[in-house]
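Subject: Handover of a structure and findings

Dear colleague,

Please find below the structure that I am handing over to you. I would be grateful if you kept it open while reading the notes that come after it.

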Amino acid sequence: MNATPLANPSSGAHVRSVPGDLPGDLMEVSMGPHHPSTHGVFRMIVTLDGETIVRLKPVFGYLHRNHEKLAENTSYLGSMPYTDRLDYLNSMTNNWAYARAVEQLAGIAVPERAEYVRVILAELTRLLNHTCLAGFLMQDCGCSGTPLMYAFREREKILDLFESLSGSRMMCNYQRFGGCRVDPSAAWLAAAQQLVDGYGPFLDEFEALLTGNEILLARTQGVGRLSAALAINAGVTGPMLRATGVNYDLRKVDGYGVYPRFQFRIPLGEHGDVYDRYMIRILEMRESLAILRQALAGLPAGPIMNPAAKLRGFRPKAGEAYGRIEGPKGEIGFHLVSDGGPNPWRYHVRAPSFINLTILEDLCLGHTVADAVIILGSIDIVLGEVDR
Amino acid sequence: MSDPTPTNPGITDAERDELRRHGILLTGLEELYNWGRSHSVWPLNFGLACCAIEMIAASMAKFDIARFGSEVFRPSPRQADLLIVSGTVTKKMAPQVVRLWNQMPEPKYCIAMGACAISGGPFKQGYNVLKGIDRFIPVDIYIPGCPPRPEALLHGLVQLQEKIRNQAIAGPDAPRHLQAEGNCDCPIPECGAHDIEPAQNDALWPKPPELVRPTKT
């Protein structure tokens with residue numbers, strides 16, 4: 001089944017017939033940029049044969065906010081708040097990836113306590129992201145309300161922790177080059193411990209509702225299969241890649257920060273379908289809880305900030321660096337090129353949402369429109385990061 | 001104590017309160033109508049960027065926008081009363097936002113949520129970001145913040161309800177859709193050679209007065 005290429009596929013019509021060589025006419029439907037299931041301002045131009053997708057053309061750029069250009073015109077530290085707004089669910093991990101890039105560029109050491117705090121915050125962020133993803137995915141499956149309400153209830157607890165530490169719920173702006181901005185108090189750590197203790201029971205409850213659910217199994221198993229070869233060739237990372245069975249997690253591969261000190265497993269999928277992607281995230285949350293328990297128990301005393309790190313008049317010597325971490329959505333990396341000035345000469349974001357999204361058409365071909373919605377939901381995109 | 005107005009002729013607030021104590025509710029048609037619609041504002045289910053997450057959070061259990069009658073997020077603009085512009089509007093997105101606004105039936109209201117929707121916010125210097133959605137569509141409530149907390153959105157909604165309750169339904173103060181002129185659609189901008197054209201809606205965003213500099217003598 002081949003759709004005839006259109007003369008001007010983005011002329012603005014929302015539904016129109018496409019002449020093809022098949023007996024029935026194909027139909028082109030524009031989903032988005034205003035569509036409740038596209039997770040923001042994403043547009044899919046879908047060509048349908050009946051209800052089956054024969055072609056899908058993604059259109060991005062509706063949220064292109066000039067992130068990289070702005071960063072090249074501001075100081076290194078001035079870009080830190082902008083990284084919060086890349087993937088606005090996971091500001092802490094964005095901060096960490098950017099701080100790592102600058103630390104590699106300038107050769108700044110990070111105190112041990114700060115590395116532990118970064119791990120704690122990154123794993124809390126992973127909990128937050130995966131919980132919200134599961135809620136949104138159920139919303140896309142048609143279960144509007146309850147799972148998302150449960151997810152957001154837990155999200156608020158994590159956001160309360162972030163707020164009491166950094167002063168902001170979502171846009172934390174917390175990491176600095178050579179450490180963290182605020183030292184978490186004993187009361188904060190106790191609250192974090194309490195949250196970690198309560199999260200396992202929440203996951204049990206959440207899974208009891210969802211994991212074995214007949215409707216969820218019917219909607220997600222065998223839908224949107226991704227092969228390991230395609231995932232590797234397309235540069236897909238994160239839970240999307242591990243759902244296909246490829247054992248690749250930067251926390252193990254790079255062993256950055258203090259991750260080698262913790263005992264945790266990497267959940268792997270087998271089929272690479274939407275259900276595997278959902279299960280990988282649930283299992284990763286359980287491993288995140290294990291990391292959190294170890295990190296909270298082993299948190300050393302000491303400074304939170306490298307006293308030699310320079311905040312004002314920061315000019316790293318000429319060179320380039322690429323800092324990457326395993327974000328909740330995949331490998332988030334920052335490539336910086338310095339010419340010795342106060343601003344980066346070139347600043348590039350390796351956005352996992354964007355690169356994972358490139359395989360959308362391959363996953364959707366042959367499925368129905370309703371399946372395209374949950375396939376998109378299972379890829380886990382945030383448009384702030386896709387369009388930057 | 002207020003003066004008698006055309007909607008409650010010849011009766012003061014104190015007298016009305018006195019009647020209410022006896023179980024008699026005295027009201028005008030306008031007041032009743034505005035009271036009803038101020039508590040059933042249906043927002044459009046339309047998220048743009050970071051602020052949309054806080055908008056979703058406002059509709060969830062902890063903040064519960066349903067307490068104010070606005071939990072019915074409608075996916076179609078034809079069924080919505082309130083457009084919450086929740087996030088950065090880029091030049092590529094601006095025509096769609098204006099088109100959505102035009103598709104909403106009157107009476108309709110607009111909340112500019114967050115710094116980006118108000119003025120471009122942190123991305124104002126960017127080449128692709130609007131310097132505020134109020135250049136294209138009329139905004140009723142501005143909620144500052146980056147992003148505003150869900151409480152701030154709820155406060156904005158309460159302010160909007162206050163505004164709705166004070167609207168006239170007849171006479172010279174009636175809202176635009178009840179005036180005789182009819183069409184109040186906003187012009188939809190298009191991609192031009194260098195910028196979107198028109199760069200603003202002249203009816204909403206008049207050109208600033210020209211600076212008159214004293215000439216050197």
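The notes below cover a sheet, a helix, and the cavities and a pocket.

This is a predicted model, in which local features need pLDDT of at least 70 and side-chain atom pairs count only at pLDDT 80 or more, while totals for chains, interfaces and linings use all residues. Residues are numbered from 1 along each chain as its sequence is written, chains are lettered from A and ligands numbered from 1 in the order in which they are written, and side-chain values use heavy atoms, with hydrogens and water left out.

The sheet in chain A

Helices (H or I, at least four residues) and strands (E, at least two) are DSSP runs, numbered from the N terminus. Two strands pair if DSSP finds at least two bridges between them. Chain A holds an open sheet of three strands in the order β7-β8-β9, with antiparallel pairing. Because β7 (319-327) and β9 (346-350) of chain A stand at the edges with a single partner strand each, one side of each is left without a neighbour in the sheet. Neighbouring strands of this sheet are turned by 10° against each other on average, direction ignored; axes are lines fitted to C-alpha atoms, for helices over the stretch in contact, and angles run from 0 to 180 degrees between N-to-C directions.

β7(A) and β8(A) (residues 330-338) run antiparallel and are joined by nine bridges. One example is Gly319(A), whose bridge partner in β8(A) is Ser338(A). A hairpin through two residues links β7(A) to β8(A). Across β7, β8 and β9 of chain A lies helix α3 (residues 91-106) of chain A, running at about 150° to β7(A).

A covered helix in chain B

Buried means under 20% relative accessible area, exposed over 50%, and partly exposed in between (1.4 Å probe, protein chains only). Seven of the 10 residues of helix α4 (residues 94-103) of chain B are buried, among them Trp101(B) and Leu100(B). Their cover includes β1 (82-86), β2 (109-113) and β5 (196-197) of chain B, where contact means heavy atoms within 4.5 Å.

On a 1 Å grid over the protein atoms alone, a cavity is a set of points where a 1.4 Å probe fits but cannot get out, and a pocket is an open set with protein on both sides within 12 Å along at least five of seven lines; lining residues have an atom within 4 Å of a point. Grid points are joined across faces, edges and corners, and a volume is the space filled by probe spheres set on the points.

The whole structure has five cavities of 30 Å³ or more. The largest cavity holds about 70 Å³ of space. Among its 14 lining residues, Cys50(B), Cys51(B), Cys116(B), Cys146(B) and Pro147(B) lie nearest its centre. The second largest cavity holds about 50 Å³, and α5(A) gives the largest share of its lining, three residues.

The largest pocket has a volume of about 1000 Å³. Its lining counts 40 residues, with Pro36(A), Phe136(A), Gln139(A), Asn45(B) and Ile56(B) nearest its centre. α4(A) gives the most to this lining, with six residues.

Yours sincerely
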